[in-house]
Amino acid sequence: MSRAATEPDPHTTGAPHHGGPGPHHGERDTRHGEPDAAHPEPEPPRAPAPAPVPAPRRSRAALLTSGLVLALLALALLSAALGAYRIPLGDVTASLLHRAGAGGHPLDRVAESVLWDVRLPRVALALLVGASLGTAGALMQGVFGNPLAEPGVIGISSGAAVGAVASIALGLTFLGTWTVTVAAFVAGLVTVLLVYALSRSGGRTEVVTLILTGIAVNAFAGALIGLLIFFADNAQVTQITFWQLGSLAQATWPKVLAVLPCAAVGLAVAPYYARRLDLLALGERSARHLGVDVERLRIVLVVAVALLTAAAVAVAGIITFVGLVVPHLLRMAAGPGHRFLLPGSALGGAVVLLGADLAARTVAAPAELPLGVLTALLGSPFFFWLLRRTRRGQGGWA
């Protein structure tokens, strides 16, 4: 062994003073067992830091957002123009610009009435309902950590349906034309609060218990709806059936304004919790260690889902699979990050519902297909494919 490695530095005595020379280059100071400052010992391994979002994924999210916005604008113009009474796209644009005070010109009396009293309220309602259902689906999947979750799982849709069917079958008219809408909204909110209260135990809520309670409430709500239909007369049964199948045919500006507050609150709250949902995806225990109040997060987001879904169901009837298909497709295309997924689901839901409503009005013209039936016909095959894909990915279910 070399002399330099075993003897103290001749320029120092005792403990080395601050700023004094240390051991020779490449050697250890064996007197104190300290590593050489120039060549420190490797640090113990640490947990890997979260990987930053790759640039290709960010650019893909930006590209998808641009595509969704353009598709939304194009479908909105087409929906305003096409129908039993056709209005040229140029006239639609001219009327919109004229109302906005940016030029253009008014249309004749009939075209102006069709556009502003029939078509545009329907377009606006489709935007709000689609955005609400898409965002509610993304929130449900994030809260439950399951891509198969959907707003109807915890009984919101079926509860709202009970309120609407009861108001029709019992002939309630205490709020005039708003009776069915208000009854559906209140019943949806009461149902989700009841499900949440029944699933709590020891101050905590288990996801599996919440889902199973929702399934039980859905079954009970279905039985109530069947009982109410049994006692309803033929005219009421027709109205109930039409409402259950889902439609935007009764869209008016007052109904748009009725949905707008709930939709605005839900759509504004959702992005605020994007980061906490990303942390929750790591697991409940990990999320708690990182400072997330999981129970409070679930309460807030379940209430937000209830607001979004109940308001949508109250004015449009039961429209299924939008909240399941849209978030999952976006997650497959741009990754699971909720910073893009939540606003993207709002845009995607609006695009899907606008397209579905346009198809419902034009495919079998002059008749109109039920919107809920159309979305179910398109969404069910996707759901089956998703079930098989999830099962293969997990290697089977016990």
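Modeller: The axes of helix 5 (residues 156-169) and helix 12 come within 9 Å and cross at roughly 45°, where helices are DSSP runs of H or I with at least four residues, numbered from the N terminus, and axes are lines fitted to C-alpha atoms over the stretch in contact, with angles from 0 to 180 degrees between N-to-C directions. Helix 5 and helix 12 are therefore oblique to each other, since angles under 35 degrees count as roughly parallel, over 145 as roughly antiparallel, 65 to 115 as roughly perpendicular and the rest as oblique. Their crossing is right-handed, that is, the near helix is turned clockwise from the far one by less than a right angle.

This is a predicted model, in which local features need pLDDT of at least 70 and side-chain atom pairs count only at pLDDT 80 or more, while totals for chains, interfaces and linings use all residues. Residues are numbered from 1 along each chain as its sequence is written, and side-chain values use heavy atoms, with hydrogens and water left out.

At the contact (heavy atoms within 4.5 Å), Ile-156, Ser-157 and Ala-160 of helix 5 meet Val-305, Ala-306, Thr-309, Ala-310 and Val-313 of helix 12. These residues divide into 6 nonpolar, 2 polar and no charged, where Ala, Val, Leu, Ile, Met, Phe, Trp, Tyr, Cys and Pro count as nonpolar, Asp, Glu, Lys and Arg as charged, and the others, Gly among them, as polar.

Helix 12 (residues 294-316) also holds Ala-314, which is buried with a relative accessible area of 4%; buried means under 20%, exposed over 50% and partly exposed in between, with a 1.4 Å probe and protein chains only. Leaving aside residues up to four places away in sequence, Ala-314 touches Thr-181, Ala-184, Phe-185 and Trp-243. The C-alpha atoms of Ala-314 and Val-259, 55 residues apart along the chain, are separated by 8.6 Å.

Turning to the nonpolar cores, which are sets of buried Ala, Val, Leu, Ile, Met, Phe, Trp, Tyr and Cys residues joined through side-chain atoms within 4.5 Å, the largest has 71 residues, and those with the most contacts inside it are Leu-125, Val-129, Leu-139, Ile-154 and Ile-319. A second, separate core of 18 residues includes Ala-164, Ala-169, Ala-221 and Ala-232. Among the residues that Ile-154 touches, not counting those up to four places away in sequence, are Met-140, Phe-144, Val-192 and Val-302.

Key: Helices (H or I, at least four residues) and strands (E, at least two) are DSSP runs, numbered from the N terminus.
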